[in-house]
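Open the model in your viewer and keep the selection panel at hand. The stops below go from one element to the next.

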Amino acid sequence: MKKFRYKKIECANPDCEVEFIPSRSNQFHCCEACRKRKNYVENKPETDRIRALEIRFKKVDKSLARLYQQMLKMKADKVSKELFGYENIDPFLCNEVRQNPNTNRPIHFFYNYGFEYDGAGFYIIHKMK
Ligand SMILES: [Zn+2]
């Protein structure tokens with residue numbers, strides 16, 4: 001009869017107390033579920049951070065959609081810093097920066113909308129095509 005080559009170890013998942021004999025030297029979990037669980041727990045802070053950021057981006061996108069509609073209503077091509085400020089948009093936040101080829105200024109893009117500061121107290125709201 002073949003003897004077990006490895007010593008009994010405790011499952012590396014902190015929520016599991018199973019002791020088992022690994023079949024490979026790189027097996028640290030008693031089962032596939034425990035292996036996945038541990039990876040999930042280890043990556044959770046990163047996942048949470050990304051999710052929180054996505055929520056913020058979506059909120060800004062909604063605000064920009066509102067401002068864009070107001071801009072159309074007022075037949076304006078930009079909105080004032082004050083109006084922009086009412087939406088509580090963090091001017092440093094962005095999902096993606098794109099250069100406006102016409103002005104050479106950065107556009108802070110989110111999902112469907114983006115904003116560009118004109119350097120003179122106004123924000124130009126862009127709708128992604
Ligand atoms: Zn386990």
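Just after H1, Lys 75 takes a positive phi of about 50°. The model is a predicted one.

**Whole chain**

Show the cartoon first. The protein has two helices and seven strands. From the N terminus on, they run β-β-α-β-α-β-β-β-β. The radius of gyration is 26 Å, well over the 14 Å that the globule rule gives for 129 residues, so the protein is more spread out than a compact globule. Along the principal axes, the C-alpha atoms fill a box of roughly 85 × 30 × 20 Å. Now colour by burial. Of the 129 residues, 16% count as buried.

**Helix H1**

Select 32-73, which is helix H1. This helix has 42 residues. From its first C-alpha to its last, H1 reaches 57 Å, close to the 62 Å expected at 1.5 Å a residue. Centre on Asn 43. A kink of about 50° lies there, shortly before the proline Pro 45.

How many of the 42 residues of H1 are buried? The count is three, and H1 is hardly covered. Select Val 60, Leu 64 and Leu 67 to see these buried residues. Their cover includes E3, H2, E6 and E7.

Stay on Val 60. Leaving aside neighbours within four places in sequence, Val 60 is in contact with Ile 89, Leu 93 and Phe 110.

**Two positive phi angles**

Step past the end of H1 to Lys 75. This residue lies in the loop between H1 and strand E3 (79-80). Lys 75 is not a glycine, yet its phi is positive. Is Lys 75 buried or exposed? Lys 75 is exposed, because 6 other C-beta atoms lie within 10 Å and the cut-off for exposed is 12 or fewer.

Go on to Asn 88, in the loop between helix H2 (81-86) and strand E4 (96-99). Asn 88 also has a positive phi, about 55°, although it is not a glycine. Asn 88 counts as exposed, with 9 C-beta neighbours inside 10 Å.

**The largest nonpolar core**

Which residues make up the largest nonpolar core? Select Val 60, Leu 64, Leu 67, Val 79, Phe 84, Ile 107, Phe 109, Phe 110, Tyr 113, Phe 115, Tyr 123 and Ile 125, 12 residues in all. Helix H1, strand E5 (106-109), strand E6 (113-117) and strand E7 (122-127) each give two or more residues to this core. H1 gives the most, with three.

**Last stop: Phe 115**

Zoom in on Phe 115, in strand E6. Why does Phe 115 count as buried? Phe 115 has 26 C-beta neighbours inside 10 Å, and the cut-off for buried is 20 or more. Show its contacts, not counting residues up to four places away in sequence: Phe 115 touches Leu 64, Ile 107, His 108, Tyr 123, Ile 124 and Ile 125.

Finally, draw a distance from the C-alpha of Phe 115 to that of Pro 91. The two are 24 residues apart in sequence and 8.7 Å apart in space.

Notes: Residues numbered from 1 in each chain as written. Predicted model: local features only at pLDDT ≥ 70, side-chain atom pairs only at ≥ 80, totals over all residues. Core = buried A, V, L, I, M, F, W, Y, C linked by C-beta atoms within 7 Å. Helix = DSSP H or I, 4+ residues; strand = E, 2+ residues; numbered from the N terminus. Contact = placed C-beta atoms within 7 Å. Rg over C-alpha atoms; globule rule 2.2 N^0.38 Å. Expected span 1.5 Å × (residues − 1). Bend = angle between axes of the 7 residues up to and from the residue.
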